[in-house]
Amino acid sequence: MWYTCLNWYSNKGVPMKTKWMGLVLAIGLLAATGWGQVQPGFHAGPLTLSPFAGVAGSYDSNTGRTSSDEQDDIFVESDVGLRLDCQVREVQISGLGFVVQRSYADEDGLDFWAGGEALTLRIGNPEKITLEAQESWRRVEDLDTYGSAADIGGMSPDAFLDADVRSRREVLEAGTVLTAQLTDKSDVSAGYRYNQTDYRSDDLFDLSGHGGQMEAAHRVTDKTAGLLTLVGGLQESDDVDGEAEYFAARLGVRTRGTDRMSLKAGAGFQQLDRPEDAGTEDGLNFDAVATWAATDKTSVELEGRNGIQMSSIHLANIVDFSVFRLGVAYRMTPSIGLSASGVYRIDDYADPVMDEGELVDREDEGVTVKLRADYLIPAKYLRFFGELMYETVDSTIRDYDVGRVNLGVDIGY
């Protein structure tokens, strides 16, 4: 549907850049003339529809993420979308649809549009038993900005693929999770997720997989519960016979020490049996996230996890990845917010890869740092933002550095 609408819009004889900017500005004028004067969203009984739009101008210091002869450029990125929410007693439906357009000043060959949708159904009472089902389709290029919309009950999609895979791709995901409160002290959840990633480039290998997770918790104190987590799955890759079989088991804790702090962490063992009888990869497995409300205005989040999966870059290869993230948010005033985040990732490939006619052991280390400031006008429908981002990758294959400066405005009703 989004693709049909975009094609219709682009065949009216006006340059796409002009029409896209016009659409966003029109929505902005509507917002400025009346949206801030009423309860946010359009309401029809239990249904709420919330349109949104945004436009940002960006400077990119290295558009091709190359080690030398970097090319810089300026681009404009616009997005338009709609969120919906409908709740009737113990049934809730939420959804999202969006279209994104990016246009470069000089390198027109890098222009792209993206789009997609996500839909979630929740049934039940969180204090007893709940069933959640989710599906999402997204056409993505560069970063998967709306990937978090496909999260579901601890079975969130793996947003961290091979570090330098930013090519055009189509992502299809579906999943379900059942959570039950067994006793006053015990609860259990079980979930399933299907994921399929199809790349446009013939140099990359499509991936698909089925995954399951079961987690049981038992409270040992009023604030602390012990956890047992079991994860298993299958993954397939283009041009590879057979499937990779993955398994992990973790023991951990879930705690709420105070109203200001929460922690969920587990560690254990992971193993992946490679397809075509190519051997087994195993090692430590961990998954942890901690949040801390340091003050009434400051919050901190720290998380880390690792895993093993098939590579989309090198045929039949396996990558062992670890990711760590630190985020800090500070609400300076009711209208001004500041945030900073840092991500460190390491990818270690199981098999040597060919580079300039020689076999080398590939290992990538990447660091991304972001600084952002937001200004929300008193009517709370218009947000101005500025963002600085720096990304560096140190690799045995290819190093690169990228800096970006983003200035933009988001409109949400």
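The stops that follow concern a surface patch, nonpolar cores and salt bridges in a predicted model.

**Stop 1: the nonpolar patch**

Select Tyr59, Ile74, Phe324, Tyr344, Val367, Val369, Leu371, Leu388, Val405 and Leu407; together they form a nonpolar surface patch of about 840 Å². Two elements, strand E19 (363-376) and strand E21 (400-412), each give two or more residues to the patch. E19 provides the largest share, with 3 residues. Next, centre on Tyr59, which is placed in strand E2 (residues 47-60). Is Tyr59 buried or partly exposed? Its relative accessibility is 34%, so Tyr59 counts as partly exposed.

**Stop 2: the nonpolar cores**

Now select Leu207, Val231, Val240, Ala244, Tyr246, Ala248, Leu272, Ile308, Met310 and Ile318, the 10 residues of the largest nonpolar core. Strand E11 (244-258) and strand E14 (298-310) are the elements that give two or more residues to this core, and the largest share, 3 residues, comes from E11. Focus on Ala244: apart from neighbours within four places in sequence, Ala244 is in contact with Gly233, Leu234, Gln235, Leu272, Asp273, Pro275 and Met310. A second, separate core has 7 residues, among them Phe52, Val100, Phe112 and Ala114.

**Stop 3: the salt bridges**

Side chains of opposite charge can pair when their charged atoms come close. The count of salt bridges comes to 22.

Begin with Arg102 and Asp142, whose side chains meet in a salt bridge at 3.0 Å, N to O. Arg102 lies in strand E4 (residues 91-104) and Asp142 in the loop between strand E6 (129-140) and strand E7 (169-181), so the pair ties together parts that are 40 residues apart in sequence. Arg102 counts as buried because its relative accessibility is 6%; Asp142 is likewise buried, at 5%.

Move on to Asp364 and Arg362, which form a salt bridge at 2.9 Å, N to O. Asp364 is buried, with a relative accessible area of 3%, and Arg362 is buried at 5%.

Finish at Glu387 and Arg372, where the N to O distance of the salt bridge is 4.0 Å. This pair links distant parts of the chain, 15 residues apart: Glu387 in strand E20 (residues 382-395) and Arg372 in strand E19. Glu387 is buried, with a relative accessible area of 15%, whereas Arg372 is partly exposed at 23%.

Key. Residues numbered from 1 in each chain as written. Predicted model: local features only at pLDDT ≥ 70, side-chain atom pairs only at ≥ 80, totals over all residues. Heavy atoms only, no water. Patch = residues over 30% accessible without salt bridge, like charges linked within 9 Å, V, L, I, M, F, W, Y side chains within 5 Å. Areas by Shrake-Rupley, 256 points an atom, 1.4 Å probe, with all protein chains shown as cover. Helix = DSSP H or I, 4+ residues; strand = E, 2+ residues; numbered from the N terminus. Buried < 20%, exposed > 50% of the residue type's maximum accessible area, 1.4 Å probe, protein only. Core = buried A, V, L, I, M, F, W, Y, C linked by side-chain atoms within 4.5 Å. Contact = heavy atoms within 4.5 Å.
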